[in-house]
Amino acid sequence: MAKNTLSWVLLAAAVLLLLLPFLPPQAASWLLVVGYAALPIILANVLAAIMRKSPWRWAHLATVLLSLPLIYNYIPLIPRKAKTATSPIKIISWNVDNFLVSTDTMRHSTQYLRSQHPDIICLQERPHEVKVAWTDILGALPQYHHAVRNSHEDEVLNLAILSRHPIIASGERTFDDTYNKYMWADIHIHADTLRVYSVHLQTTGTGPSAASGASSSGITHTLRSATHHAVMRNQQVRQLFHDINHSPHPVVVCGDFNDTPSGYPARLLRRRLTDISRRWPLCGTYKGMGDIMKIDYMMCSSTLTPLTYHLADTPWSDHMMQIATINN
């Protein structure tokens with residue numbers, strides 16, 4: 001009886017995991033823990049498929065097979081060579097952590113950016129104009145004659161897109177009751193137009209201060225805060241998903257999603273886009289938790305061909321720099 005109960009629990013968890021990206025944002029937020037526990041859930045079903053007898057074995061095996069697309073997204077992109085004469089497009093996306101609110105850090109960071117020779121740079125957490133002037137950033141990146149930033153200079157979480165190629169249109173969406181936002185730029189490259197998004201979604205709300213107080217009340221508060229922030233994040237990515245679906249051009253989406261590869265934001269966008277930024281489990285992009293948390297992503301339309309993707313670790317931010325090349 002206990003074995004059957006455990007099987008029911010594992011199968012239910014696997015089904016909820018599979019349904020996660022198809023749920024409304026509010027419902028998906030209540031399955032936040034299921035997204036975090038995706039790999040243990042799949043592994044437990046693999047073990048159950050090996051150890052249990054029919055018909056349970058076949059039920060567990062079925063959930064494992066249905067989970068293969070999710071497992072695939074933990075396998076890094078295999079580098080490819082460009083098949084056409086057109087030069088690949090190199091894109092860098094980086095949460096710069098406000099350049100540590102230092103002009104010197106900005107200069108070191110932009111010098112490293114220049115050394116990578118990207119065509120397009122997407123920045124998240126760009127510092128406020130008062131802290132590090134936008135004109136100073138542009139002056140440190142003189143090769144990028146085309147640049148846009150969010151129209152209202154917020155206290156934190158500002159964005160920017162810089163390009164060697166002409167930006168022919170741009171726009172943005174700022175979410176209510178938060179500094180989070182995304183912006184886009186239509187960039188004319190190789191006789192085609194590419195819509196590039198720079199994105200920063202709602203944080204998790206599970207920082208050190210979230211679990212203050214007694215142990216049980218601290219955990220409860222942390223879970224409530226995480227769920228509340230997940231609702232906001234899921235609603236934000238739902239709007240982003242809607243805008244991507246109505247883009248007149250192929251898209252590249254770059255930024256800080258503040259959620260795991262098995263979470264709602266990444267999996268919702270993968271319904272429409274190719275995830276260039278696949279990584280092995282526990283190979284993260286955020287350096288604040290031992291480099292195990294992957295919360296930064298780069299995705300593109302299926303009509304584009306991803307060629308390479310890698311991360312660069314620098315001392316100037318708590319996020320690693322994402323560097324990718326694609327063919328349009």
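Biologist: What is the relative accessible area of Glu 129?
Modeller: This is a predicted model, in which local features need pLDDT of at least 70, side-chain atom pairs count only at pLDDT 80 or more, and totals for chains, interfaces and linings use all residues. Residues are numbered from 1 along each chain as its sequence is written, and side-chain values use heavy atoms, with hydrogens and water left out. With buried meaning under 20% relative accessible area, exposed over 50% and partly exposed in between (1.4 Å probe, protein chains only), Glu 129 is partly exposed at a value of 28%.

Biologist: Which residue forms a salt bridge with Glu 129, the closest N and O atoms being 3.3 Å apart?
Modeller: A salt bridge here is a side-chain nitrogen of Lys or Arg within 4 Å of a carboxyl oxygen of Asp or Glu. Helices (H or I, at least four residues) and strands (E, at least two) are DSSP runs, numbered from the N terminus. Glu 129 lies in the loop between strand E2 (120-126) and helix H8 (134-140) and its partner in strand E3 (residues 146-149), so the pair ties together parts that are 20 residues apart in sequence. The partner, at 3.3 Å between the closest N and O atoms, is Arg 149.

Biologist: Which residues are linked with Arg 126 in a network of salt bridges?
Modeller: Arg 149, which is partly exposed at 32% relative accessible area, also forms a salt bridge with Glu 153, with 3.4 Å between the closest N and O atoms. Glu 153 counts as buried, at 18% relative accessibility. The residues linked with Arg 126 in the network are Glu 129, Arg 149 and Glu 153.

Biologist: How many residues apart in helix H7 are Arg 107 and Asp 104?
Modeller: The two side chains meet in a salt bridge of 3.8 Å, N to O. Both residues belong to helix H7 (residues 103-116), and they are separated by about one helical turn because their spacing in the helix is 3 residues.

Biologist: What is the order of the strands in the open sheet of 6 strands?
Modeller: Two strands count as a pair if DSSP finds at least two bridges between them. The edge strands, each pairing on one side only, are E5 (167-174) and E9 (273-275), while the twist averages 20 degrees from one strand to the next, with axes as lines fitted to C-alpha atoms and angles running from 0 to 180 degrees between N-to-C directions. With mixed pairing, the order is E5-E6-E7-E8-E10-E9.

Biologist: Which residue stands opposite Gly 255 in E8?
Modeller: Strand E7 (residues 192-200) and strand E8 (residues 251-256) run parallel and are joined by 6 bridges. The residue that stands opposite Gly 255 is Val 199.

Biologist: Which residue in E6 is the bridge partner of Glu 172?
Modeller: E5 and strand E6 (residues 181-189) run antiparallel, with 7 bridges between them. They form a hairpin with 6 residues between the strands, and Asp 177 in the turn has a positive phi of about 60 degrees. In E6, the bridge partner of Glu 172 is Met 183.

Biologist: What accessible area do Leu 43, Leu 47, Ile 50 and Met 51 have together?
Modeller: Patches are made of residues with over 30% relative accessible area and no salt bridge, like charges being joined within 9 Å and nonpolar side chains (Val, Leu, Ile, Met, Phe, Trp, Tyr) within 5 Å. Ile 50 lies in helix H4 (residues 38-51), and Ile 50 is exposed at 57% relative accessible area. By the Shrake-Rupley method with a 1.4 Å probe, where for residues only the protein chains shown count as cover, the four form a nonpolar surface patch whose area is about 450 Å².

Biologist: Which residue does a cis peptide bond join to Ser 54?
Modeller: The residue in question is found in the loop between H4 and helix H5 (56-66). Omega is about 5 degrees, and the residue joined to Ser 54 is Pro 55.

Biologist: What is the relative accessible area of Asn 258?
Modeller: Asn 258 is found in the loop between E8 and helix H10 (264-270). Its phi is near 55 degrees, a positive value in a residue other than glycine. Asn 258 is buried, with a relative accessible area of 8%.
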